[in-house]
Amino acid sequence: MKRFVPLFAVTAVIACVTTSRAAIITVNTGDNTDFSAGKTNLVAAINSLHDGDTINFNIPNTTTNKHYLITPPIDPNNGYPPITNNNITIDGYSQPGSSPNSNTILAANNAQIRIVLDSRAGGAHVEDINGYGTSESAVLFVVHGTNVHIKGLCFLGPGPTLGGGTSGSDTDPSRYAISFGLGADYGHVSGCRFGLDLDDTSVYRFKDAVTVFGDTGIAPSRTSIGVKPGPADAAGARAQFNVIIGEFIPLIFEGGANYNVSGNFLNVFPNGLTDYIIDGNDPHNMESFIEFGGSRNTVIGTDGDGLNDAEERNIFGGVIAANDDNLMEFYGGGTVNLTIAGNYFGVGVDGVTRFTNSTPIVDNFKSQATAQFGSDFDGVSDAIEGNVIYMNNPFAVLFPNPSAAPPPDFCKFDAGARVSVRGNKLVNENLVPYGYADGSGSRLDSFTNYAAPFMSTNADIIPILSTNSTFPRLTGTCAVGVAPYTNIIIDVYQPARIDCSRRHNQWVSPRQEIPGFLCGQWPAGQRPGGGQVQF
């Protein structure tokens, strides 16, 4: 026993030394070429990091009190050094004169950012590692380092042209703002802005704002963009909102799990009422807002846990032409245990200002999908969980002949996909999951194929309201569920407002507002209901 006492003592001393190393490193110059005595630039600060350290800023103020730190070039410097340590914070809000946002997500973002990582000249860092290659680069590259928190910074890219002004080649790599790789789990990006200068007007694009790449088991997991899950703290949540403008693919995740994208303006300017319209014409083009490759357990918007839910919404700007023909793309099984809730699509933070918008929200819920789109009606934050979707606006301009070229489907569903679409507010959107009632193309067949694993298609699959129904007790019939989905819920929604002053062929005018529709099937014993449904 005595032999182990000295070893224990040494171990304790080492632990104490490791704990005591955590330090605050203060950047006091914006000149990344100045390494003179008494000066600490961001290059030196990153090179000095140990586990647990924080990088703060205290650069002497100028007349503008805005500090543009030029990112070192790829050649010969290879940009900023990679961040390889654990439990690191880079805090732009430590710069005097800066302050995080204090408004709710449904108001203007009033963050005052004073530190700009300026890559308009193309500076970036290249890492040839799993998930990345020499044709890719990032301003801040997190490699291995876990629990790295980057906040209060503005990132400007080499745009405005396609791909952020780069060709995506070995000699001219694609430019990303922040990249996580090689198991850099628990990354957090909050209170930042991407692509938008501090004048709130000028846009300098990256190809992507944040990337998380790698093979399964190597790719980072539990990355949070915006509001990170945590204890109830409205002020703390509001300080975490990001503003992301103009990127070709703003956010992309591959190979990992447990991602959160909450509390962000995506192509919505800080005033919350003006968007960076995506119309397909460079520089107003993109592939999609968010892409997930093989990811699992993903939350986009509110997680519905009763903690900060009202501040976890994302606000999406308008899109009428995207390269992937959708707002969100999932591939490689990326729709397993997916939640999309509480978001605003195509409308400003006031819930009234409409953006030009007409694009399917999700590319495809594939056969293995398990997803919640909207509320789960579990009694916690149900009203907040519903997405607010303003689509197909302005209708007369986008669809002058809707019988020949109708609005797009809400999204696509493969047979076998288990998707709950409940409690959403749909304004001029197509019906969910398919606009089967319009008789267009193969939509009725598509809806029937989608419904077949869950309900009998031997008779009418559309719920029928009995003519003997009287308010408030409504009766009717619906298709019989296929085991184990023998308990059936039918949500009945009343149109909130219909303006029939104008009609476009078979389509009600653009001001028609339909909050939502769902016929949902659930395994027996999990939800109330029955074969004959009473409303």
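In which strand does asparagine 337 lie? Asparagine 337 lies in strand E22, residues 336–341. Strands and helices here are DSSP runs, numbered from the N terminus: E, at least two residues, for strands, and H or I, at least four, for helices. This is a predicted model, in which local features need pLDDT of at least 70, side-chain atom pairs count only at pLDDT 80 or more, and totals for chains, interfaces and linings use all residues. Residues are numbered from 1 along each chain as its sequence is written, and side-chain values use heavy atoms, with hydrogens and water left out.

**Overall make-up**

- The protein holds 6 helices and 37 strands.
- It has 535 residues, and 53% of them count as buried. Buried means under 20% relative accessible area, exposed means over 50%, and partly exposed lies in between (1.4 Å probe, protein chains only).
- Take the contacts in the protein with a separation of 6 or more: 77% of them join residues 24 or more positions apart. A contact means heavy atoms within 4.5 Å.

**The sheet**

- An open sheet is built from 11 strands with parallel pairing. Their order is E1-E2-E4-E7-E10-E13-E16-E19-E22-E25-E28. Two strands pair if DSSP finds at least two bridges between them.
- Strand E1 (24–27) and strand E28 (418–422) are the edge strands, each pairing on one side only.
- From one strand to the next, the twist averages 10°. Axes for such angles are lines fitted to C-alpha atoms, for helices over the stretch in contact, and angles run from 0 to 180 degrees between N-to-C directions.
- Strands of a sheet pair through backbone hydrogen bonds, either parallel or antiparallel.

- E1 runs parallel to strand E2 (residues 54–57), and 4 bridges join them.
- Isoleucine 25 has isoleucine 55 in E2 as its bridge partner.
- Ile25 and Val27 form the covered face of E1, while Ile24 and Thr26 form the uncovered one.

- Strand E25 (residues 370–374) pairs with E28 in the parallel sense, over 5 bridges.
- Alanine 371 stands opposite valine 419 in E28. Glutamine 372 stands opposite serine 420 in E28.
- E28 is largely enclosed by the rest of the structure, because 4 of its 5 residues are buried.

**Cavities**

- There are 2 cavities of 30 Å³ or more. A cavity is a set of points, on a 1 Å grid over the protein atoms alone, where a 1.4 Å probe fits but cannot get out. Grid points are joined across faces, edges and corners, and a volume is the space filled by probe spheres set on the points.
- The largest cavity has a volume of about 50 Å³.
- Its lining consists of Tyr93, Asn109, Ala111, Ile113, Gly191, Cys192, Arg193, Phe241 and Val243. Lining residues have an atom within 4 Å of a point.
- The lining of the largest cavity divides into 6 nonpolar, 2 polar and 1 charged residues. Ala, Val, Leu, Ile, Met, Phe, Trp, Tyr, Cys and Pro count as nonpolar, Asp, Glu, Lys and Arg as charged, and the others, Gly among them, as polar.

**Two loop residues**

- Glycine 255 lies in the loop between strand E15 (249–254) and strand E16 (260–262). Its relative accessibility is 9%, so glycine 255 counts as buried.
- Not counting residues up to four places away in sequence, glycine 255 touches Gly214, Asp215, Thr216, Gly217, Ala219 and Gly293.
- Glycine 255 and glycine 332 are 77 residues apart in sequence, yet 8.9 Å apart in space, C-alpha to C-alpha.
- Isoleucine 218 lies in the loop between strand E12 (208–212) and strand E13 (224–226). Isoleucine 218 is partly exposed, at 32% relative accessible area.
- Leaving aside neighbours within four places in sequence, isoleucine 218 is in contact with Asn130, Leu182 and Gly183.

**Backbone details**

- The peptide bond from aspartate 75 to proline 76 is cis, with omega near 15°. Proline 76 is in the loop between strand E3 (67–70) and strand E4 (89–91).
- The peptide bond from aspartate 282 to proline 283 is also cis, with omega near 15°. Proline 283 is in the loop between strand E17 (264–266) and strand E18 (290–293).
- Asparagine 297, in strand E19 (residues 296–301), has a positive phi, near 60°. Asparagine 297 is partly exposed, at 31% relative accessible area.
- Asparagine 337 has a positive phi of about 55° although it is not a glycine. Asparagine 337 is partly exposed, with a relative accessible area of 44%.

Methods: On a 1 Å grid over the protein atoms alone, a cavity is a set of points where a 1.4 Å probe fits but cannot get out, and a pocket is an open set with protein on both sides within 12 Å along at least five of seven lines; lining residues have an atom within 4 Å of a point.
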